[in-house]
Amino acid sequence: MAAELIDGKLLAQEMKAELKEQVSKLRDKGIIPGLGVILVGDNPASKSYVTSKEKACEKIGIFSDDTRLPEDVSEEDLLRHVERMNSDDNIHGILVQLPLPKHIDENRIINAINPHKDVDGFHPVSVGKMILGQDTFLPCTPHGCLKLLERYDVKTEGAEVVVIGRSNIVGKPVANLLMRKDKPGNSTVTVCHTRTRKEDLLAHTKNADIIIVASGFPNTLTSDMVKEDVVVIDVGINRVVDSSRERGYRLIGDADFESLKDKVRKITPVPGGVGPMTITMLLFNTVKSAQNTIK
Ligand SMILES: NC(=O)c1ccc[n+]([C@@H]2O[C@H](COP(=O)([O-])OP(=O)(O)OC[C@H]3O[C@@H](n4cnc5c(N)ncnc54)[C@H](OP(=O)(O)O)[C@@H]3O)[C@@H](O)[C@H]2O)c1
């Protein structure tokens with residue numbers, strides 16, 4: 001039987017309509033939510049993410065303060081831009097697009113962002129609060145995964161969840177959020193990575209009720225690795241050459257969608273699954289930050 005598609009584009013549209021109303025209420029009070037965006041260098045994927053994020057802001061009435069810096073910008077100069085945004089009351093959220101060039105210490109930059117404006121949820125204060133279950137900005141991609149599970153009635157309580165990937169921005173936080181004593185949450189979570197023995201990975205995925213794939217490689221999860229009633233959330237975004245497309249490439253996930261879609265219970269497509277939710281949760285955090293200024 002064909003799987004039900006978990007439509008991130010649709011949920012993102014619904015959430016953006018709600019956020020637009022909240023922005024309008026803030027504007028009535030004289031508060032225009034503002035997102036400070038810093039992009040360093042010419043990485044085409046980063047450029048395209050930043051453009052999509054800024055367009056999404058504009059559509060719901062968030063203003064973005066766009067700063068583009070050359071690849072060879074110094075760490076001190078970059079820090080000065082972060083500091084300027086930290087002290088600008090019109091900026092409620094700060095987004096430094098990652099990855100940064102190798103000569104810049106990413107941790108130093110993230111740590112310099114005022115936690116009250118940390119709408120990416122990467123600052124150690126935000127991460128610590130997330131783990132402790134305190135109110136904070138949740139990281140956008142993991143939060144988007146949770147919203148998808150919730151909207152598509154996927155029961156997480158007591159579920160065996162396997163997360164493939166242990167990065168700071170996806171694997172670790174999504175695993176943490178799903179093991180929280182909260183809703184969604186209360187799952188039994190197993191995290192797999194490149195040091196997980198191949199036979200163990202298979203045993204874990206075959207036993208899973210929910211699999212979150214965030215490995216960075218296509219076909220990390222294939223249909224022979226899962227049971228039939230599993231729910232698959234594919235976080236991956238990979239560009240593969242496609243000469244039939246005008247732009248010369250198409251996007252695929254980290255899971256083998258074609259083979260999985262006829263076996264599993266529910267699955268996110270790529271594109272149109274987790275991607276649109278990541279942007280929406282950034283808007284969500286920026287609106288939340290603007291609302292926090294009147295609390
Ligand atoms: N949809 C979105 O909005 C969004 C947002 C962020 C990222 N992404 C995408 O999500 C994917 C993951 O991103 P990331 O930043 O988390 O990547 P990352 O930092 O490269 O981490 C990948 C993780 O996957 C593990 N891994 C790699 N191959 C594996 C395999 N064959 N079996 C088991 N584990 C494996 C790695 O293990 P080790 O730790 O042992 O190396 C690592 O922990 C990428 O495709 C990225 O483009 C999408």
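A residue is termed buried if 20 or more other C-beta atoms lie within 10 Å of its own, exposed if 12 or fewer do, and partly exposed in between, with C-beta atoms placed from the backbone. The legends below describe a predicted model, in which local features need pLDDT of at least 70, side-chain atom pairs count only at pLDDT 80 or more, and totals for chains, interfaces and linings use all residues. Residues are numbered from 1 along each chain as its sequence is written.

**Figure 1. Overall view of the protein, with ten helices and eleven strands.** The radius of gyration is 19 Å, close to the 19 Å that the globule rule gives for 295 residues, so the protein is as compact as a globular protein of that length. The radius is taken over C-alpha atoms, and the rule is 2.2 Å times the number of residues to the power 0.38. Helices (H or I, at least four residues) and strands (E, at least two) are DSSP runs, numbered from the N terminus. The C-alpha trace spans about 50 × 40 × 35 Å along its principal axes, and 43% of the 295 residues count as buried. The domain assignment gives domain 1 (31-115) and domain 2 (140-275); such bounds come from an automatic or database domain assignment. Their centres, taken over C-alpha atoms, are 28 Å apart.

**Figure 2. Helix H10, residues 274-292.** This helix of 19 residues reaches 26 Å from its first C-alpha to its last, close to the 27 Å expected at 1.5 Å a residue. The expected span is 1.5 Å times one less than the number of residues. Because 16 of its 19 residues are buried, H10 is largely enclosed by the rest of the structure.

**Figure 3. The shell around the ligand.** Of the 26 residues around the ligand, Gly 165, Ser 167, Thr 194, Gly 236 and Thr 278 come nearest; a residue is near a molecule or strand if its C-beta atom, placed from the backbone, lies within 6 Å of it. H10 contributes three residues, the largest share of the shell. The shell divides into nine nonpolar, 14 polar and three charged residues. Ala, Val, Leu, Ile, Met, Phe, Trp, Tyr, Cys and Pro count as nonpolar, Asp, Glu, Lys and Arg as charged, and the others, Gly among them, as polar.

**Figure 4. The loop between helix H7 (171-179) and strand E6 (188-192), which holds Pro 184 and Asn 186.** The peptide bond from Lys 183 to Pro 184 is cis, with omega near -5°. Asn 186 has a positive phi, near 55°, and is partly exposed, with 15 other C-beta atoms within 10 Å. Most residues other than glycine have a negative phi, and most peptide bonds are trans.

**Figure 5. Backbone features at Pro 99 and Asp 153.** A cis peptide bond with omega of about 0° joins Leu 98 and Pro 99. Pro 99 is placed in the loop between strand E4 (93-96) and helix H4 (106-112). Asp 153, in the loop between helix H6 (140-151) and strand E5 (160-164), has a positive phi near 50°. Asp 153 is exposed, with 8 other C-beta atoms within 10 Å.

Figure 6. Lys 266 is partly exposed, with 19 other C-beta atoms within 10 Å. Its contacts beyond four places in sequence are Ala 3, Glu 4, Ile 6, Tyr 152, Val 154 and Val 231; contact requires C-beta atoms, placed from the backbone, within 7 Å. The C-alpha atoms of Lys 266 and Val 230, 36 residues apart along the chain, are separated by 7.0 Å.

Conventions
Contact = placed C-beta atoms within 7 Å.
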